[in-house]
Amino acid sequence: MEGMLKNSYDTLDLIAMRSSFADSDDLQQLIASAAAISFDFFDTLFVRPLAHPEDAFDILGRQFDITNFRAMRRAAQTEAFRRMLAAGRKEITLEDIYACLAETGIHANVLMRAEYELEQALIEPNPILFPLFRGLLDSGKPVVITSDMYLSADFFREALRPHGLEHIPLFISADCNATKRDTGELFDRLTSELEVPAGEILHIGDNEIADVVRPREKGLMTFHYRPQHLRSIEKEVSLATSIGHGLLRTSARNIEQNSYTELGFLYGGPANLGFLEWIKERAHQDCIDHILFLSRDGYSLERIAKAQGDGGLPDFCYFLGSRTAYTLASITADNFSQFFPFLLSGGDGLAPYELLERIGVRPPSPWIMAELGLGADVRVGPALYEKICGFLYGYRWEILKVCQRNRRALYQYLKQVGLCSGSRVALVDVGWSGTTQEAFELAVRPLMELEVFGYYFCLADTPERLRREQTQRMSAMVTAANTSIATISSIYANRVAVELFFSAPHHSVIGLQVGAKGVESVMDCGRGNTGNVQQIAQKVSKGIALYAEQYAAIQRRLNFKASPMQIAFPLIELIAHEDKAARDLLNKVKNFDAWGSSRNHELRLTDYLPSVGG
């Protein structure tokens, strides 16, 4: 027997499982000494892509458009337990629960069957333990399934049938009228029917009481299985958050824990996917001809849209540019002085020559700047504004060369992507007050007559936004109509962190130029220590793409619908609730904002934030 088991272990490569749970050596020893092995079913042998089992009730509620179904289903189960106790029984069944369900307008049997089918669709073999389970069967070791569940044994046989395992002995509380969780009577039944001494039976499960404490009280050996990606998640989180964390335990389990990829998966993926769904709806309403996913905010949006193929969007492209590029394209000799506020904005603490670098203009030599009293040791601040404006005006012809280059390239770029006068164009930006849209419209107006619509993840309640919406067409997914003023204020206060989830693995685009192969971007890598910002953005983007792929698959599999806001809600929950792991990762991002970066200081992402989940 031991030789047979050793061959099975070699096949299973249990040693390689150490990365999945640290006690694999202990498990091997327990298996070797056991005459029979019992596996818990839910969250052990089979798993669901949900953070909590009850989140399945939210899916049912959406399928049947019953807004309070979760609460009703909970109440029915509570009443079923009350009736069970009154009748002197020890377990309930699914039929017992639905006999207690309040009136919904839909026959209880229809809902009961839908729950049964949903549970079948949800469960999938645990990739960590299922190979062990099959290997033990192949070795000849007696293996059974022991589960506390209101579903009957027929459910388990149906779940096991696709794997050719419907013959496995089952000890199910609903059929046995005995449970693991209460006094452990189900283990008495198991020991009796197996005719194996309790001390020679190993039970493997995830619940500390039902799968560890109770079987030990009955004399069984136990192994407490702890999932690798198990986190303490509040029970009232959104369904999208539940699915995200659930997928990390199933099909997305290879994502490294507490990584930027995981951060992108859990928060950036839902935000981008939900925003994209809203864009589809809005573009249809506005009869949009072409969507411009602005860099860098539109990077993942455009990638997801491409991956979806014919996803209900008009023509679209990833459009290189920024407020900086478009504002520069608007500057001429006649209006130069009007743009001093732009050229100085966010410049306090920078060296004067860095004001030029961040707009793609080569500054004078260091000794000339020093002669002007604007050397590298000087810091921009209100006391120097007048002097710096005088310098910029005197240097305007060099600045205007860059402005003219941008203007010519922008016109060529508009034609290159297929736009023409009269086109209805959606400009997609994460937020917040319509600044980039204003710069784009100002730059484009002399070049081409476009009907421009601004699509935003969130628009802040700022004076600038209120002013601009008088002349600009601006719409946002997150508004006071579908959330609260406090939530919008919190999102805006944490806007720099939110922008990380809509970023791209390339530097900021600060200009355009016509090259040999068409229009090319001019980028700003920032100043000072930018750390590994691009690598971080790459990992976040990878997580976003993985989430979009996995979410689409789970939505098809479970057949439920969600509004754009429901899909995107995990990012809003991140802002509303503390997530220490997320904050620690955000704190490592340095000089994320190239416009405000400087060799004179180092800004971490959290320096911009009043709170992240605080």
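**Entry 1. Helices α3 and α6**

A crossing of two helices is right-handed if the near helix is turned clockwise from the far one by less than a right angle, and left-handed if anticlockwise. With that convention noted, I looked up α3 and α6 in this predicted model and recorded that α3 passes α6 in a right-handed crossing.

I then took the geometry of the pair. Helix α3 covers residues 55–64 and helix α6 covers residues 108–122. Their axes come within 10 Å and cross at roughly 125°. The two helices are therefore oblique to each other.

I listed the residues that meet. On the α3 side they are A56, F57, I59, L60, Q63 and F64. On the α6 side they are V110, L111, A114, E115, L118 and L122. By class, I noted ten nonpolar residues, one polar and one charged in this contact.

I followed the chain onward into the loop between α3 and α4 (69–86), where D65 lies. Phi of D65 is near 55°, a positive value in a residue that is not glycine. Is D65 buried or exposed? Its relative accessibility is 66%, and the cut-off for exposed is over 50%, so D65 counts as exposed.

**Entry 2. D43**

I found a positive phi at D43 also, at about 70°, and D43 is likewise not a glycine. D43 sits in the loop between β1 (36–39) and β2 (46–47).

**Entry 3. Helix α12**

I returned to α3 by way of its part in covering another helix, α12. How many residues of α12 (residues 239–248) are buried? I recorded ten of its ten residues as buried, and the helix as mostly covered. The buried residues are L239, A240, T241, S242, I243, G244, H245, G246, L247 and L248. Besides α3, the elements that cover them include α13 (260–285), α25 (533–558) and α26 (564–576).

**Entry 4. Helices α15 and α20**

I examined a further helix pair, α15 (residues 323–330) and α20 (residues 396–416). Their axes are 7 Å apart, and the packing angle is about 105°. That makes α15 roughly perpendicular to α20, since the range for that term is 65 to 115 degrees.

I noted the residues that make the contact. Helix α15 contributes A325, Y326, L328, A329 and S330, and helix α20 contributes V402, C403, N406, R407 and L410. I counted the classes as seven nonpolar, two polar and one charged.

**Entry 5. Cis peptide bonds**

I looked up two cis peptide bonds. One joins S295 and R296, with omega about -5°. R296 lies in the loop between β8 (290–294) and α14 (299–308). The other runs from G431 to W432, with omega near 15°. W432 is placed in the loop between β10 (424–429) and α21 (435–444).

**Entry 6. The whole protein**

The secondary structure comes to 27 helices and 14 strands. Along its principal axes, the C-alpha trace spans about 95 × 55 × 45 Å. Of the 614 residues, 56% count as buried. The protein exposes about 26,300 Å², of which carbon and sulfur atoms supply 50%.

Among contacts with a separation of 6 or more, I noted that 73% are accounted for by residues 24 or more positions apart.

Methods. Residues numbered from 1 in each chain as written. Predicted model: local features only at pLDDT ≥ 70, side-chain atom pairs only at ≥ 80, totals over all residues. Heavy atoms only, no water. Axes fitted to C-alpha atoms, helices over the stretch in contact; angles between N-to-C directions. Helix = DSSP H or I, 4+ residues; strand = E, 2+ residues; numbered from the N terminus. Parallel < 35°, antiparallel > 145°, perpendicular 65-115°, else oblique. Contact = heavy atoms within 4.5 Å. Nonpolar A, V, L, I, M, F, W, Y, C, P; charged D, E, K, R; others polar. Buried < 20%, exposed > 50% of the residue type's maximum accessible area, 1.4 Å probe, protein only. Areas by Shrake-Rupley, 256 points an atom, 1.4 Å probe, with all protein chains shown as cover.
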